[in-house]
Each structure stands twice: as structure tokens, then as C-alpha cells.
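Biologist: I would like to learn how to read side chains and helices in a model. Could you take me through it slowly?

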Amino acid sequence: MTKGLLISFEGPDGAGKTTVLERLLPSLQAELSVDVVATREPGGITIAEKIRDVILDITHTSMDNKTELLLYMAARRQHMVEKIVPALENGTLVLVDRFVDSSMAYQGYGRQLDKSAITWLNAYVTDDREPDLTLYFDVPSEIGLERINQNKNREVNRLDLEKLEMHQCVRKGYQELAQLHPERIVCIDATQALDLVVKEAMEKILTLVKGN
Ligand code: TYD
């Protein structure tokens, strides 16, 4: 058994989860006596960041959906082995920007790949390690896409170019996952003002950490 806690940040594009994570991190580090580390998927370590570049490359328009799924899984496996598991074994609180639910929401619901295959692959690459808590930042697809378009500093990746319909399927996927796993997934209304979203996320994390 690992000693640390694993918390994933999930949501459709434009939900603001990355911004929330960046805002939270210093306060959490100040508040808690345990080490806190933030990381992201796909990526987090050199090999997985290279896989990320392959997946998100805007010129890779011919990428097959199953190839894409397996690349996310390969990146996740390496990230687990090299970074997440060692950190958890040290008792570190690990905050991960996207994790297993992204594969189900995007590849399962969005791309409509076989959900049981994704469940199996997620379990395989994580050795059955699920997050202790998942913060799901919920936002209607139109608002999420609008936010992305307004954020001029953000690089446009291949997946941003998908149609609204795909983004709506992803959101529906997340909502279903939240209903299926209420013991783990907490839904946060990401249309609220950023300060409120950060406050709510902070409260959920502190409740988990202090209860353990
Ligand atoms: P990310 O950098 O988190 O994008 P954003 O900043 O918009 O949240 O992730 C890049 C893209 O990868 C994002 O569109 C979601 C997608 N993704 C999947 O489709 N499946 C996965 O398993 C993961 C981890 C990400």
C-alpha cells in the first residue's frame, strides 16, 4: 500500500482545472505538513512529455483513435512508474492534471472506443491504482470552447480543433462517470467565479487529507 494520496483534476477543455491547480498549489503547500507535488497527463516526465508531443501534434491528422488511446496509456504507465508511485510511496500528496477519467471521457465517450477496453487498460497501466479523490470541473461545452478561444496565450493543440459535438460527448461522459463513482468523484461547478472554484476545490482536498 502506498502512503500518499492521489488526487486527479478532471474536466472538459476550458473548464479551468489547470488554472485552479496552479492557484491551489502554494496554499496547499503552506497549509499541509506533507510534501505536495503537481504533475500532468499526458506528460509529467520526459518520456511521457515526448509521447504528449506526438499525440497533440497539429499535423498528425491521420492518427488512428486506437493509436491515440494506446499512446495516452503508454504515457500514463511511464508516469505512474517513474513519478506517481515513488511519490506516493514517500507519503507525498500527488495532484495530477488529468488521469484515468480523461481516457474514458475523451476516448470512450468522445471517440466512442470500447469502454470495457479502456477500463481494462486503465487498470493495467496503473496496477489498479485509482485516485483517492477526483475533482471534476464541470462546464457547458460552449462556455469551455469560448474560454479556449479567448485565451490567446494557450497553444492550440490537435484536440482543440475537434467539433462541438465531440466536446459535448466528453462532458456527458464526465457527468456519467461522476454518477457511477460518487465515492470518488466530486463535481464542482466551474462556471462560478475562479476564486469560488478554487475555494471549493481547496475545501474538498483539505477534507480528504485531514480525514486520513
Ligand atoms: P491538457 O493539456 O490537460 O489540455 P487542457 O489544458 O485543455 O485541459 O490535455 C490535452 C488533451 O489531451 C485534452 O484535450 C484532453 C486530452 N486527453 C485525452 O483525450 N485522453 C487522456 O487520457 C488524457 C490524459 C488527455
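Modeller: We begin with accessibility: a residue is called buried under 20% relative accessible area, exposed over 50%, and partly exposed in between, using a 1.4 Å probe and protein chains only. This is a predicted model, in which local features need pLDDT of at least 70 and side-chain atom pairs count only at pLDDT 80 or more, while totals for chains, interfaces and linings use all residues. Residues are numbered from 1 along each chain as its sequence is written, and side-chain values use heavy atoms, with hydrogens and water left out.

Biologist: Does Trp-120 count as buried or exposed?

Modeller: Trp-120 counts as exposed, because its relative accessibility is 52%, and Tyr-124 is exposed too, at 54%.

Biologist: How many aromatic pairs does a search of the whole structure find?

Modeller: Rings of Phe, Tyr and Trp (its six-membered ring) pair if their centres lie within 6.5 Å, and planes under 30 degrees apart count as stacked, over 60 as edge-to-face and the rest as tilted. The search finds 4 such pairs. One of them joins Trp-120 and Tyr-124, which are stacked at 4.8 Å centre to centre with 15° between the planes. Both residues lie in helix 5 (residues 115-126), 4 residues apart, about one turn of the helix; helices (H or I, at least four residues) and strands (E, at least two) are DSSP runs, numbered from the N terminus.

Biologist: Which parts does the pair of Tyr-136 and Tyr-174 tie together?

Modeller: Tyr-136 and Tyr-174 are stacked, 5.0 Å centre to centre with 20° between the planes. Tyr-136 belongs to strand 4 and Tyr-174 to helix 7 (residues 164-180), so the pair ties together parts that are 38 residues apart in sequence. Tyr-136 is buried at 1% relative accessibility, as is Tyr-174 at 2%.
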